[in-house]
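The stops below go one by one.

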Amino acid sequence: MPAGLALLTNACPPGSRARVMGRALGIGGVATVCGPYVGGVLTEAVSWRAVCWLNVPLALVAAGCAARAGESRDTTAPASVDAAGLVTATGALAALAVLVDRGQFWGWASGRSATALVLAVGLGAVFVRHERAAAHPLVDLALFGNRPFVALTAAGAAANTATVVVLFVVPLALQGPWRLSATGAGAAFLAPAAAMALAGPVAGRIRTADAVRAMAGALVLGAVALGTAAAAPTLPVFLVAVTGCGAGLGVAGALTLIATQAVVRPERAGEASGVTKTVITTAAGLGVALSGPAADAHGAAMAAAVDAALMTAGGCCLAGAVLLVITLLTRIRPGCGPRARRRHAFLQK
């Protein structure tokens with residue numbers, strides 16, 4: 001995904017870049033529309049393993065298309081890879097993923113959880129120290145001084161956490177408390193999935209100057225819709241709510257990738273998109289962990305667990321919206337003179 005975003009950023013002129021990226025994300029969203037229904041049909045007619053084989057021809061087509069695309073690279077960077085930064089960053093993220101995934105089963109205060117936490121923090125500290133000293137770091141830490149980039153990425157992490165909860169929990173709710181078959185649940189999920197797919201092109205038409213406001217509004221919409229879904233008395237109300245949630249989270253997720261690319265220089269697009277995707281993918285693990293109780297529950301307990309997961313996801317959306325509002329208020333404060341503009345230009349390098 002980061003490589004694809006970097007290739008798109010490099011291939012498109014600045015005036016049409018956001019629209020093209022929005023369309024690309026919309027095309028990816030078509031898979032979100034088709035996935036639940038096709039997956040439900042394959043699960044009932046063949047096996048859940050058949051779903052995995054769908055990725056083989058798609059991956060081959062994608063590889064062929066990528067091989068024909070123009071390269072996107074920083075010509076001033078060396079051809080070698082920052083191996084020490086790569087190893088420490090990967091190790092820290094792996095330890096964090098293990099902690100998020102297994103901590104609830106081990107016990108958050110257990111020895112294994114503590115070990116995973118120490119590894120994540122320790123390797124993360126080594127990574128930061130190395131990147132500060134490296135001549136050609138894997139990630140230029142000055143990127144984290146770009147406040148719009150940091151705020152958009154953090155809010156995107158909150159949006160992705162909520163999105164993963166929706167993608168996991170809503171099909172479970174449709175087949176559990178709402179008593180639909182796997183195929184019926186896939187068909188019912190077409191509306192929210194379509195809303196997510198249409199969000200990409202919509203987000204691509206939002207001006208960069210309005211991206212933070214639009215993303216904050218989309219997250220508020222997602223939070224309200226998630227709360228409504230948790231309290232829905234009937235299936236139609238539930239489906240309308242999760243469709244509104246799909247629209248809000250789809251716009252927020254697309255803006256995360258589009259707007260973060262707009263606030264950095266094109267030659268740094270791969271680095272920026274890599275950082276953003278790493279953060280929001282790590283947040284997706286949190287979404288999976290939040291969905292776990294709903295997957296393990298049955299009957300009335302499942303309904304309660306689904307409602308709790310949806311409310312927690314709504315809280316994530318509100319937290320992301322608050323962060324963006326704080327960023328907006330900070331940006332309009334005094335102190336935007338020549339010195340501040342020079343610092344902002346430096347941080348975008």
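**Stop 1**

A cavity here is a set of points, on a 1 Å grid over the protein atoms alone, where a 1.4 Å probe fits but cannot get out. Grid points are joined across faces, edges and corners, and a volume is the space filled by probe spheres set on the points. The count comes to two cavities of 30 Å³ or more.

This is a predicted model, where local features need pLDDT of at least 70, side-chain atom pairs count only at pLDDT 80 or more, and totals for chains, interfaces and linings use all residues. Residues are numbered from 1 along each chain as its sequence is written, and side-chain values use heavy atoms, with hydrogens and water left out.

Select the lining: Ala-203, Ile-206, Arg-207, Thr-208, Ala-211, Leu-255, Ile-258, Ala-259 and Ala-262. Lining residues have an atom within 4 Å of a point. Seven are nonpolar, one is polar and one is charged. Ala, Val, Leu, Ile, Met, Phe, Trp, Tyr, Cys and Pro count as nonpolar, Asp, Glu, Lys and Arg as charged, and the others, Gly among them, as polar. Helix α11 gives the most to this lining, with four residues. Helices are DSSP runs (H or I, at least four residues), numbered from the N terminus.

**Stop 2: α9 against α11**

Select 190-204 (α9) and 235-262 (α11). Their axes come within 7 Å and cross at roughly 35°. Axes are lines fitted to C-alpha atoms over the stretch in contact, with angles from 0 to 180 degrees between N-to-C directions. Which residues of α9 make the contact? They are Ala-191, Pro-192, Ala-195, Met-196, Ala-199, Gly-200, Ala-203 and Gly-204. On α11, look for residues including Gly-246, Gly-250 and Leu-255. Contact means heavy atoms within 4.5 Å. The contact has 12 nonpolar, five polar and no charged residues.

**Stop 3: the second largest pocket**

Its volume is about 1600 Å³. A pocket is an open set with protein on both sides within 12 Å along at least five of seven lines. Of 46 lining residues, Pro-137, Leu-138, Val-139, Glu-271 and Val-275 are the closest to its centre. Now select α12 (269-296). α12 gives the most to the lining, with eight residues.

**Stop 4: confidence**

Color by pLDDT, the predictor's confidence in each residue, from 0 to 100. The protein averages 85. Helix α14 (338-347) is lowest, at a mean of 46, and α6 highest, at 96.

How values were computed: Helices (H or I, at least four residues) and strands (E, at least two) are DSSP runs, numbered from the N terminus.
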